[in-house]
Amino acid sequence: MSNTIRRMIPTIITFLIGMFTIFVYYIEVPSSISDGSSTIISWGTIIVALATGYGTIILLRNHVRKIQTRQPGEWIYSLTIAVTIFVFPLLYFIAGDTSSIYKLIYDLTISNIGLAVYAIVFFSLATSSYKAFRARNVNSTILLLAGLFVMLQIAPIGAAIWGGFPILGNWILNVPTPGAFRGINIAAAFGLIAIGFRTLLGYDRGHLGISEGEGMED
Amino acid sequence: MIIVSGRVIDFLILVACFITFYVYVYWAERGKTFKIRKIPALEAVSEVIGRAVEQGRPVHFTSGGTGSLSDALAPQLLAGVGVLSHISKTCAELDAKLVVSEVHPDLLPLVVSTIETSYQIYGRDVPEDTVTYIPRGRTYTIGAAALIQREKVAANFMIGPFTHEAVFLAEAGSEAGAMQIAGTARVNQMPFFATVCDYILIAEDIYAAGAYIQGTPKVLGTIVGEDPFKILMFCLLIIGVILATFNVTWLMDILNM
């Protein structure tokens with residue numbers, strides 16, 4: 001593929017569509033033009049739908065390979081995925097998503113697994129909290145104290161020990177925390193504008209699948 | 001030309017940003033060089049991948065479990081791909097095994113293309129099972145965590161928009177004994193990365209990552225160009241706090257135009 005097709009044409013398309021959507025967002029335009037912008041944005045949904053098919057092919061290909069090579073400890077799970085990829089949509093087309101068999105399989109598999117995952121997340125939270133709440137230096141001690149006050153604010157025992165814990169915990173949650181978050185968000189917003197600028201002008205070409213530094217000479 | 005009500009100041013700031021960035025790029029083209037602070041997380045990429053090569057274990061990358069290229073989280077995804085480009089090049093150079101768990105179907109062709117391009121630079125073919133597509137939601141949380149532990153990855157990169165899976169994947173990486181570099185602009189997930197991972201890219205760091213890795217004066221100029229606006233915002237914050245304390249609203253009225 002020539003250099004022009006690979007780099008220049010996608011960059012020009014990015015610039016034109018990007019500038020058009022920015023223009024329509026900020027400037028009052030006739031509805032026929034703003035509808036055009038909405039149409040362009042909705043193309044994203046179509047692309048996602050098509051790309052999901054591509055993703056499923058990649059997923060299936062990886063697992064079929066594992067089944068073919070009888071990868072120890074893995075192929076049986078790959079077989080489950082491969083079968084599910086065909087059975088579940090087939091069931092949807094034959095019985096519909098309101099049928100009892102479809103719902104039963106869904107309730108007995110995905111729902112339970114999902115609940116189990118969320119339950120396990122608790123343990124991950126607990127271990128990461130343990131790592132965070134170790135008073136190794138001044139910063140981690142402040143973090144430990146802040147975490148302690150917030151926990152005592154939420155737990156009923158906090159108010160029973162001292163009436164000031166809920167007030168202190170509330171203050172931490174409502175004053176310094178949103179302040180820090182907003183500071184991060186403001187700085188991130190300018191980073192966002194900068195990456196938009198670089199993308200529109202073709203200085204950043206990650207969205208074209210072009211490796212860093214490649215083709216920067218043009 | 002009439003600007004939509006409520007977006008006048010936003011528009012003016014955007015235009016001012018674009019003009020400033022362009023001025024910095026212009027200066028860069030005239031030979032001016034810019035220095036920006038070192039980002040430890042990006043400096044450590046080669047070291048982390050080198051460690052994985054020494055241990056004979058793979059390198060894992062994932063770009064988070066939420067967002068798509070057509071929503072507000074797209075810049076984070078693209079920033080992640082920018083870092084992936086650097087990671088895949090380093091993996092190709094050092095002959096490290098790379099495994100990618102990708103949840104965004106629209107990003108998938110981009111991820112595959114980026115890795116292929118990186119490997120082509122070093123005359124290598126991308127191993128067939130490098131990229132694994134995992135559907136979003138709980139499937140991704142379990143699938144990616146299982147991949148990290150099954151492959152016993154020595155390096156775990158998590159750059160992009162994350163939700164609840166952030167802590168789960170970071171803990172999975174920690175249990176696998178991986179060195180971890182994570183980055184997100186989602187403030188709710190930053191604390192988990194900060195506590196579990198070895199290096200973290202906080203918010204604007206991930207947007208700057210692609211430019212930082214490229215390191216050309218032109219793109220670095222756009223990062224330096226953010227500084228005048230951060231100073232302006234800092235001044236506005238101070239003035240705003242003082243005015244709000246005395247219940248004066250004219251600044252708010254102007255910003256809401």
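1. How many Å separate the centres of domain 2 of chain A and domain 3 of chain A, taken over C-alpha atoms? In this predicted model, the separation of those two centres comes to 28 Å. The division behind that value places domain 1 of chain A at residues 31-94, domain 2 at 96-132 and domain 3 at 135-201.

2. The two chains meet in an interface where 52 residues of chain A are in contact with 68 residues of chain B. Sorted by class, the side of chain B that touches chain A is made up of 39 nonpolar, 18 polar and 11 charged residues. A colleague looking for another description may recall that the size of an interface is often given as the accessible area lost when the parts come together.

3. Chain B holds an open sheet of six strands, which pair in the parallel sense and follow the order 3-2-1-4-5-6. Strand 3 (131-133) and strand 6 (199-202) of chain B are the edge strands, each of them pairing on one side only. From one strand to the next, the twist averages 15 degrees.

4. Within this sheet, strand 1 (residues 59-62) of chain B is joined to strand 4 (residues 155-159) of chain B by four bridges, in the parallel sense. For the reader who wishes to locate this pairing at the residue level, Val59(B) has Ala155(B), in strand 4 of chain B, as its bridge partner. Helix 6 (residues 138-150) of chain B packs on the sheet and touches strand 1, strand 2 (98-102), strand 3 and strand 4 of chain B. The direction of helix 6 makes about 170 degrees with that of strand 2 of chain B.

5. Two backbone torsions deserve a careful look, given that most residues other than glycine have a negative phi. Arg70(A), a residue other than glycine, has a positive phi near 50 degrees, and its place is the loop between helix 2 (31-68) and helix 3 (75-95) of chain A. Arg70(A) counts as exposed because 10 other C-beta atoms lie within 10 Å, where the cut-off for exposed is 12 or fewer.

6. In chain B, Asn247(B) likewise is not a glycine and has a positive phi, of about 60 degrees. Asn247(B) is found in the loop between helix 11 (227-245) and helix 12 (250-255) of chain B. Why is Asn247(B) classed as exposed? The count for Asn247(B) is 6 other C-beta atoms within 10 Å, and a residue with 12 or fewer is exposed.

Key:
Residues numbered from 1 in each chain as written. Chains lettered and ligands numbered in written order. Predicted model: local features only at pLDDT ≥ 70, side-chain atom pairs only at ≥ 80, totals over all residues. Domains from an automatic or database assignment. Pairing = 2+ DSSP bridges. Helix = DSSP H or I, 4+ residues; strand = E, 2+ residues; numbered from the N terminus. Axes fitted to C-alpha atoms, helices over the stretch in contact; angles between N-to-C directions. Contact = placed C-beta atoms within 7 Å. Buried ≥ 20, exposed ≤ 12 C-beta atoms within 10 Å, placed from the backbone. Nonpolar A, V, L, I, M, F, W, Y, C, P; charged D, E, K, R; others polar.
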